[in-house]
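Have the model open while you read.

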Amino acid sequence: MTITSRIALGFAILRGFQLAALTVPWLLQKVRRVEATESERSLVLMAGSRSILLGVAIVVLGFMNRREALGWVLIGDGLLQLFDALHAVALRKRTLAVLPAALCVLDGLAGIIFLG
């Protein structure tokens, strides 16, 4: 395994862990709010569970040495980050677009490394 593959694998596992672990506190905070409506709780649970599932999938694919599948999942996550960045720009909140744009580039590069 080349050094770039090792760096990409480290990034992928860190990204997956970040998605899975950091979504849980956000999810609990949103669901426990007293003024949250049932539809808001449902939407938060839907988005949160999918983020956790994506994070777990990235970590599992990384540890199982499934490089091609991991590459496609990372490219998919990069596209989701691109959507978040463009959405922030459309709302004229350019500073909020910086992190998703950076994650888009990093996810894309790691995905290309695994597919290449």
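A quick definition to start: helix axes here are lines fitted to C-alpha atoms over the stretch in contact, and angles run from 0 to 180 degrees between N-to-C directions. Keep in mind that this is a predicted model.

**How H1 and H4 pack**
- Helix H1 (residues 3–32) packs against helix H4 (residues 98–115) at an angle of about 130°, and their axes sit 9 Å apart.
- That angle is why H1 counts as oblique to H4.
- The crossing of H1 past H4 is left-handed.
- On the H1 side, the contact is made by Thr-4, Ser-5, Ala-8, Leu-9, Phe-11, Ala-12 and Arg-15.
- H4 answers with Leu-103, Leu-106, Asp-107, Ala-110, Ile-113 and Phe-114.
- Sorted by type, the residues of this H1–H4 contact come out as nine nonpolar, two polar and two charged.

**The largest pocket**
- The largest pocket holds about 610 Å³ of space.
- It has 15 lining residues, and the closest to the pocket centre are Leu-19, Ala-47, Ser-51, Gln-81 and Asp-84.
- Which elements give two or more residues to the lining? They are H1, helix H2 (38–63) and helix H3 (67–90).
- H1 gives the most to that lining, with six residues.
- The lining of the largest pocket divides into seven nonpolar, four polar and four charged residues.

**Putting the two together**
- H1 turns up in both topics: it packs with H4, and it gives the most residues to the lining of the largest pocket.

Definitions and conventions: Residues are numbered from 1 along each chain as its sequence is written. This is a predicted model: local features need pLDDT of at least 70, side-chain atom pairs count only at pLDDT 80 or more; totals for chains, interfaces and linings use all residues. Side-chain values use heavy atoms; hydrogens and water are left out. Helices (H or I, at least four residues) and strands (E, at least two) are DSSP runs, numbered from the N terminus. Angles under 35 degrees count as roughly parallel, over 145 as roughly antiparallel, 65 to 115 as roughly perpendicular and the rest as oblique. A crossing is left-handed if the near helix is turned anticlockwise from the far one by less than a right angle, and right-handed if clockwise. Contact means heavy atoms within 4.5 Å. Ala, Val, Leu, Ile, Met, Phe, Trp, Tyr, Cys and Pro count as nonpolar, Asp, Glu, Lys and Arg as charged, and the others, Gly among them, as polar. On a 1 Å grid over the protein atoms alone, a cavity is a set of points where a 1.4 Å probe fits but cannot get out, and a pocket is an open set with protein on both sides within 12 Å along at least five of seven lines; lining residues have an atom within 4 Å of a point. Grid points are joined across faces, edges and corners, and a volume is the space filled by probe spheres set on the points.
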